[in-house]
Amino acid sequence: MGRNYESIEELRRKKKLLKSEINDLENLLTFKNTKESLSAFTNGLTDQYLQEKVDDDGDEKVVLRKDVIARHLTSEVKDMFINKQTAVGIASTALGGNITDSLIKLGITALVGNYAKKNMKSPNWKKKLLGAAMIYLAPIALKYVRKKMEVYQKNKSVSSLEQLI
């Protein structure tokens, strides 16, 4: 049924490895390092927009990097104005939606992450369960909503192009 071990030392090493792996996963799920946890849940999407800072009280908190967001926003707006001269440029910016897409993703990730973190720290087991459920179910729900929004946006841009022609 189980694996036979050659010696008790081999079994102890395996136990130690499993304990360390479990501790790493617990740290990730309990948001002990918020930036690292959000990075794992969003597959690195939030890394460039978040920064860890220390309060006056000595508490670590995660804040948005406004300079990176502003730089990204201005480059996207500049590209949009450059491409605005042609109908193809308008269609590509409407279909791409890079600015709003990135900002919406970032905002939703921050909201869900903060709410899940607050629930995971609660002593109430129901809130902890809700926080864990949000961590696992929120990305699935957001992907579904995003696909629906992309279909809507695509249909909207095609109809606006038809009106333009």
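The following exercises, each with a worked solution, concern a predicted model of one protein chain.

Residues are numbered from 1 along the chain as its sequence is written, and side-chain values use heavy atoms, with hydrogens and water left out. Because the model is predicted, local features need pLDDT of at least 70 and side-chain atom pairs count only at pLDDT 80 or more, while totals for chains, interfaces and linings use all residues.

**Exercise 1. Confidence**

Determine which element of the protein chain has the lowest mean pLDDT and which the highest.

Solution. Step one is the chain as a whole: pLDDT, the predictor's confidence in each residue from 0 to 100, averages 75, and 79% of the residues score at least 70. Step two compares the elements, which are DSSP runs numbered from the N terminus (helices: H or I, at least four residues; strands: E, at least two). Where pLDDT is low, the predicted coordinates should not be read in detail.

**Exercise 2. Element order and strand pairing**

Solution. L50, for instance, has L64 in β2 as its bridge partner. The hairpin has 5 residues between the strands, and G58 takes a positive phi near 95° there.

**Exercise 3. Salt bridges**

Identify the residues that are linked in a network of salt bridges.

Solution. A salt bridge is a side-chain nitrogen of Lys or Arg within 4 Å of a carboxyl oxygen of Asp or Glu, and the structure holds 3 of them. First, E9 pairs with R12, the closest N and O atoms being 3.2 Å apart. Being 3 residues apart in helix α1, these two residues are separated by about one helical turn. Next, D67 meets R65 at 3.9 Å, N to O. D67 also meets R71 at 3.9 Å, N to O; both lie in helix α3 (residues 66-83), 4 residues apart, about one turn of the helix. The network therefore consists of R65, D67 and R71.

**Exercise 4. Accessibility in helix α5**

Classify N119 and K121 as buried or exposed.

Solution. The cut-offs for relative accessible area are under 20% for buried, over 50% for exposed, and partly exposed in between (1.4 Å probe, protein chains only). N119 lies in helix α5 (residues 98-121); at 4% relative accessibility, N119 is buried. Leaving aside residues up to four places away in sequence, N119 touches K127, K128, L130, G131 and M134. K121 also lies in helix α5, yet is exposed at 57%. K121 and G131 are 10 residues apart in sequence and 9.0 Å apart in space, C-alpha to C-alpha. For the chain as a whole, 19% of the 165 residues count as buried.

Definitions and conventions:
Contact = heavy atoms within 4.5 Å. Pairing = 2+ DSSP bridges.
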